[in-house]
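I opened a new model today and kept notes as I went. Here is what I looked up.

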Amino acid sequence: MLGRWVKEQEAEGTRAFRGNGKLTPEQEEIRQLREENKRLKMEKEILKKATVFFAKETKRNTVSSPNIRRPGQSA
């Protein structure tokens, strides 16, 4: 077992034993991409909700304001 560890250390240097939070560059990239993906999904949900909210507000404001004169309308 010790011989295998020595060979790993010689072959991979500091990347041979990745414990203590040390990630390979690929693992770090995956972690960052997952974090970004999570953030983008949250932003997408917020935008969906905002779209629904503003669509309802716009519809409510146009329906509930019959006294507003539009261009070309007579009084």
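The entries below go from the whole chain to single contacts.

**Ground rules.** I am working with a predicted model, where local features need pLDDT of at least 70, side-chain atom pairs count only at pLDDT 80 or more, and totals for chains, interfaces and linings use all residues. Residues are numbered from 1 along each chain as its sequence is written, and side-chain values use heavy atoms, with hydrogens and water left out.

**Whole chain.** I looked up the secondary structure first. The protein chain has two helices and zero strands. Both terms refer to DSSP runs, numbered from the N terminus: H or I over at least four residues for helices, E over at least two for strands.

Next I checked burial. I call a residue buried under 20% relative accessible area, exposed over 50%, and partly exposed in between (1.4 Å probe, protein chains only). Of the 75 residues of the protein chain, 3% count as buried.

Then I took the surface. The accessible surface of the protein chain is about 7300 Å². Carbon and sulfur atoms own 57% of that surface. These areas come from the Shrake-Rupley method with a 1.4 Å probe; for residues, only the protein chains shown count as cover.

**Nonpolar patch.** Which residues make a nonpolar surface patch? I found Met-1, Leu-2, Trp-5 and Val-6, with a patch of about 450 Å². Patch members have over 30% relative accessible area and no salt bridge; like charges are joined within 9 Å, nonpolar side chains (Val, Leu, Ile, Met, Phe, Trp, Tyr) within 5 Å. I placed Trp-5 in helix α1, residues 2-12. Trp-5 has 40% relative accessibility, so I log Trp-5 as partly exposed.

**Salt bridges.** I count a salt bridge when a side-chain nitrogen of Lys or Arg is within 4 Å of a carboxyl oxygen of Asp or Glu. By this rule I get six salt bridges. I followed up three entries.

Arg-31 and Glu-28 meet at 2.6 Å, N to O. They sit three residues apart in helix α2 (residues 25-63), so about one helical turn separates them. Arg-31 is partly exposed at 37%. Glu-28 is also partly exposed, at 25%.

Glu-35 and Arg-31 form a salt bridge at 3.1 Å, N to O. These two are four residues apart in helix α2, again about one helical turn. Is Glu-35 buried or exposed? At 51% relative accessibility, Glu-35 is exposed.

Arg-39 and Glu-43 are bridged at 2.8 Å, N to O. They too lie four residues apart in helix α2, about one helical turn. I note Arg-39 as partly exposed at 40% and Glu-43 as partly exposed at 35%. Shared partners join Glu-28, Arg-31 and Glu-35 into one salt-bridge network.

**Aromatic rings.** I searched the whole structure and found one aromatic pair. Its rings belong to Phe-53 and Phe-54, with centres 5.2 Å apart and planes at 75 degrees, so I log the pair as edge-to-face. My rule takes rings of Phe, Tyr and Trp (its six-membered ring) with centres within 6.5 Å; planes under 30 degrees apart count as stacked, over 60 as edge-to-face and the rest as tilted. Phe-53 is partly exposed at 47%, whereas Phe-54 is exposed at 53%.
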